[in-house]
Amino acid sequence: MEQLNIAFAVVGGLVLVVGLLSSPLDRSWLSGPLFAFLLGVALGPHGLSALDPAAWGDTKKILEETARLTLGISLMGIALRLPPRFPFVHWRSLLVLLSIGMTAMFLIGSLLTHWILGLPLLMALLVGGTICATDPVVASSIVTGGVAKENLPEDYRHLLSTESGANDGLAYPLVLLPVLLLTLPAGDAWLDWFGKVWLWEVGGGLLIGAGLGWGVGRALRWSEQRGFLDQPSFLSITLALTLLVLGFGALLGTNSILGVFAAGLAFDQEVGGKDRSEEDNVQEAVNILLTMPVFILFGLIAPWAEWRALGLQGGLLVLLVLLLRRLPVILLLRPWLPLLRDQPITLIMGWFGPIGVSALYYAMLVSSRTGYDLAWTVGSLIVVASMLAHGMTAAPFAYRYGRWRRDRGG
């Protein structure tokens, strides 16, 4: 019980600090996720040893489920923050980003890992799949808040949010492909990948999530019209919908993370979630309260010895992944992304493709499915580097772009 009470105190204290200092933190290099990670390191076995995650059970399974819950909550917040018609109006840009863009990032990450670490290609594909998605949790800390709203174009922020919301679930087939090829005969692996992963887990997840989101939206409107809601809380309803889709989708064997995003979009069409979420400060509450524990837990169990064992090759891989995984892809795809109307915002879009909670979740998924911890070791190191690099540059780049736009009279 002492460990549990310490954990409660740490999370509560962190949320208070982040909430009370949200504006200074928003303008500094120390993002909320990075702050939480450093606190976890300080309190864990490599710091003060106040918390011992090894005594809690299977720490990797705990991190996997915590990351899944965090992703679900964050994806629901993104879906409600978007203008209702945005994903449908800009579907061509999203199709380019999610099909060509994400596949290219998957291959680039895999080939860099294969080249630098000298791993077999299938093992390298495990790492490439783990880090190919743009993380919605860390991305939210970049595209929300006063600095982003004052300096970055609204369309850009919505495009990055939608991409990060959708590709978290759509990265799942890319993660599963090398897993299946490593654990099944080739013919069975491809059949499983097309038949089960794409048709049922992805397709079924989308249909179930959208159906539940639409149904809950209709139920909310019906209840409101009859005066059945007494002091309604939009936040509690959206959190309940998130948990419903995560649990029900997983029980049916579908991709529940993608299902949550589909549920949020469908729910938004019925009830006008953007206006309601802004009124209730849903996204701010979610970002501050419900996304910090996963980064604290990550700090507690970070594999320092395994990172050191990667040596200079690990550092080189991190550097090249941050520079080459996304930026060249976005620059090449710019002609098909009309919302990136000038070169500076294209560069920002290319740089800010953070790697975070989604990589931690998929690394744990790979470890549980294959028994290989390589994706966890390499992926988690890249997550830390991404938090540092993107957290330190978010405010300065936003300010610089804002001044550039104002100087041009934009």
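1. Of the 410 residues in the protein, 55% are buried. This is a predicted model, and every value in these notes should be read with that in mind.

2. The secondary structure consists of 22 helices, with zero strands.

3. The protein has an accessible surface of about 17,100 Å². Carbon and sulfur atoms account for 67% of that surface.

4. Helix α4 covers residues 59-81 and helix α13 covers residues 234-251; their axes are 10 Å apart and form an angle of about 130°. Angles over 145 degrees would count as roughly antiparallel and those from 65 to 115 as roughly perpendicular, and α4 and α13 are therefore oblique to each other. Their crossing is right-handed.

5. Which residues make up the contact between α4 and α13? On the α4 side they are Arg68, Leu69, Gly72, Ile73, Met76 and Leu80. On the α13 side they are Phe234, Thr238, Leu239, Leu241, Thr242, Leu243, Leu246 and Ala250. By class, ten of the residues in this contact are nonpolar, three are polar and one is charged.

6. Asparagine 255 sits in the loop between α13 and α14, the latter spanning 256-271. Is asparagine 255 buried or exposed? Its relative accessible area is 6%, and the cut-off for a buried residue is under 20%, so asparagine 255 counts as buried.

7. Apart from residues up to four places away in sequence, asparagine 255 touches Gly169, Tyr172, Glu201 and Gly205. Leucine 206 is 49 residues from asparagine 255 in sequence, while the C-alpha to C-alpha distance between these two residues is 7.9 Å.

8. Serine 380 belongs to helix α22, which runs over residues 374-407. With a relative accessible area of 1%, serine 380 is under the 20% cut-off and is therefore buried.

9. What does serine 380 contact, once its neighbours within four places in sequence are left aside? The partners are Phe298, Pro303, Trp307, Leu360 and Ala375.

Methods:
Residues are numbered from 1 along each chain as its sequence is written. This is a predicted model: local features need pLDDT of at least 70, side-chain atom pairs count only at pLDDT 80 or more; totals for chains, interfaces and linings use all residues. Side-chain values use heavy atoms; hydrogens and water are left out. Helices (H or I, at least four residues) and strands (E, at least two) are DSSP runs, numbered from the N terminus. Buried means under 20% relative accessible area, exposed over 50%, partly exposed in between (1.4 Å probe, protein chains only). Accessible areas come from the Shrake-Rupley method with a 1.4 Å probe; for residues, only the protein chains shown count as cover. Axes are lines fitted to C-alpha atoms, for helices over the stretch in contact, and angles run from 0 to 180 degrees between N-to-C directions. Angles under 35 degrees count as roughly parallel, over 145 as roughly antiparallel, 65 to 115 as roughly perpendicular and the rest as oblique. A crossing is left-handed if the near helix is turned anticlockwise from the far one by less than a right angle, and right-handed if clockwise. Contact means heavy atoms within 4.5 Å. Ala, Val, Leu, Ile, Met, Phe, Trp, Tyr, Cys and Pro count as nonpolar, Asp, Glu, Lys and Arg as charged, and the others, Gly among them, as polar.
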